[in-house]
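Here are some notes for a colleague who is opening this model for the first time. Please read them with the structure on screen, point by point.

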Amino acid sequence: AALELLRYLAVIPGSASRGLLAFLANSDESARVTLASLRERYLVQSRDGNRFEVHPLVREVEASRLRGDEVRWRSVHRRLGAWYTSLIASPGHSITREATLTLAIAGARFHLTEAGDQAALSSALQPALDYLERSFSWHTRDPGTPEQREARIAVLQAYATQGRSSAIMFLLAKMLSARGQPTDAEQALEYAERAVLGQDFHTPWLLLIELTHQVRGLEAAIK
């Protein structure tokens with residue numbers, strides 16, 4: 001059981017939550033006992049008491065071994081993908097929903113892609129895409145705090161890798177433009193270009209013109 005959990009930890013980028021470890025070990029108690037054993041041997045280290053990470057050398061060795069067995073490699077990633085799929089289906093309280101969905105979408109995409117299971121990935125992401133398309137419209141209000149804005153940008157950028165909602169592209173472009181970090185204007189312009197597809201009202205087009213002027217200059221905006 002300890003070796004099995006260690007192998008899962010070896011292919012998880014970064015750290016794993018207690019919830020994920022309980023899922024992999026099939027129970028909270030089994031995860032607790034196995035973690036205690038691994039930590040006693042300094043194979044796993046704790047991050048703030050609630051997240052756990054395999055020792056870098058162990059990660060390198062175990063991940064390399066798994067890569068040598070394609071069937072096992074895919075199986076491990078498929079199981080991890082199942083955890084993130086479950087988070088997408090039940091992202092929790094509205095206050096943390098956007099952050100949870102961001103984590104879940106990224107995790108499902110990474111692990112199910114490594115598993116070579118595009119059908120499972122498409123199926124896993126669909127509830128998140130549907131939820132976000134229902135939740136955000138052209139008239140959605142801006143987030144109330146910088147922290148909420150960052151969480152929303154992250155989840156909508158995750159959506160944008162596969163979703164096509166023009167309204168969501170518009171919201172992303174608007175938030176990135178307002179945030180004003182070094183590469184935000186260029187990214188905002190990309191989303192604004194997607195936002196106007198099939199649209200014949202002025203709101204997304206005005207934003208596109210403004211961002212084109214900002215990024216590419218007046219002549220490009222006039223064209």
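How many aromatic pairs does the structure hold?

1. The structure holds three aromatic pairs, where rings of Phe, Tyr and Trp (its six-membered ring) pair if their centres lie within 6.5 Å, and where planes under 30 degrees apart count as stacked, over 60 as edge-to-face and the rest as tilted. F23 and W83 form a tilted pair, with 5.7 Å from centre to centre and 45 degrees between the planes. Because F23 lies in helix α2 (residues 18–25) and W83 in helix α5 (residues 70–89), this pair ties together parts that are 60 residues apart in sequence. F23 counts as partly exposed at 26% relative accessibility, whereas W83 is buried, with a relative accessible area of 14%; buried here means under 20% relative accessible area, exposed over 50%, and partly exposed in between (1.4 Å probe, protein chains only).

2. W138 and F201 form an edge-to-face pair, with 4.9 Å from centre to centre and 85 degrees between the planes. W138 lies in the loop between α7 (118–135) and α8, and F201 in the loop between α10 (184–195) and α11 (202–216), so the pair ties together parts that are 63 residues apart in sequence. F201 counts as partly exposed, at 29% relative accessibility. W138, F170 and F201 form one aromatic cluster.

3. A word on the basis of these notes. This is a predicted model, in which local features need pLDDT of at least 70 and side-chain atom pairs count only at pLDDT 80 or more, while totals for chains, interfaces and linings use all residues. Residues are numbered from 1 along each chain as its sequence is written, and side-chain values use heavy atoms, with hydrogens and water left out.

4. For the chain as a whole, the secondary structure comes to twelve helices and three strands, these being DSSP runs numbered from the N terminus, with helices (H or I) of at least four residues and strands (E) of at least two. The C-alpha atoms fill a box of roughly 65 × 35 × 30 Å, taken along the principal axes, and 42% of the 223 residues count as buried. Among contacts with a separation of 6 or more, 60% are accounted for by residues 24 or more positions apart, contact meaning heavy atoms within 4.5 Å.

5. In helix α2, the residues L20, L21, A22, L24 and A25 are buried, and what covers the buried residues of α2 includes α1 (2–10), β1, α3, β3 (51–54) and α5. S17 has its place in strand β1 (residues 16–17) and counts as buried at 19% relative accessibility. Leaving aside neighbours within four places in sequence, S17 is in contact with N50, R51 and W83.

6. Which residues other than glycine deserve a look for their phi value? Just after α2, N26 takes a positive phi of about 75 degrees; N26 is found in the loop between α2 and α3 (28–40) and counts as exposed at 65% relative accessibility. Y42, although not a glycine, has a positive phi of about 60 degrees, and this residue is found in the loop between α3 and β2 (44–47), where Y42 is exposed with a relative accessible area of 67%. Most residues other than glycine have a negative phi.

7. Helix α8 (residues 146–160) and helix α9 (residues 166–179) pack at an angle of about 135 degrees, with their axes 10 Å apart; axes are lines fitted to C-alpha atoms, for helices over the stretch in contact, and angles run from 0 to 180 degrees between N-to-C directions. The two helices, α8 and α9, are therefore oblique to each other, since angles under 35 degrees count as roughly parallel, over 145 as roughly antiparallel, 65 to 115 as roughly perpendicular and the rest as oblique.

8. Where α8 meets α9, the residues of α8 include R149, I153 and L156, and those of α9 include I168, L172 and M175. By class, this contact has eleven nonpolar, one polar and four charged residues, with Ala, Val, Leu, Ile, Met, Phe, Trp, Tyr, Cys and Pro counted as nonpolar, Asp, Glu, Lys and Arg as charged, and the others, Gly among them, as polar.

9. A173 has its place in helix α9 and counts as buried, at 0% relative accessibility. Leaving aside neighbours within four places in sequence, A173 is in contact with A188, Y191, A192, L207 and L211. The C-alpha atoms of A173 and E190, which are 17 residues apart along the chain, are separated by 7.7 Å.
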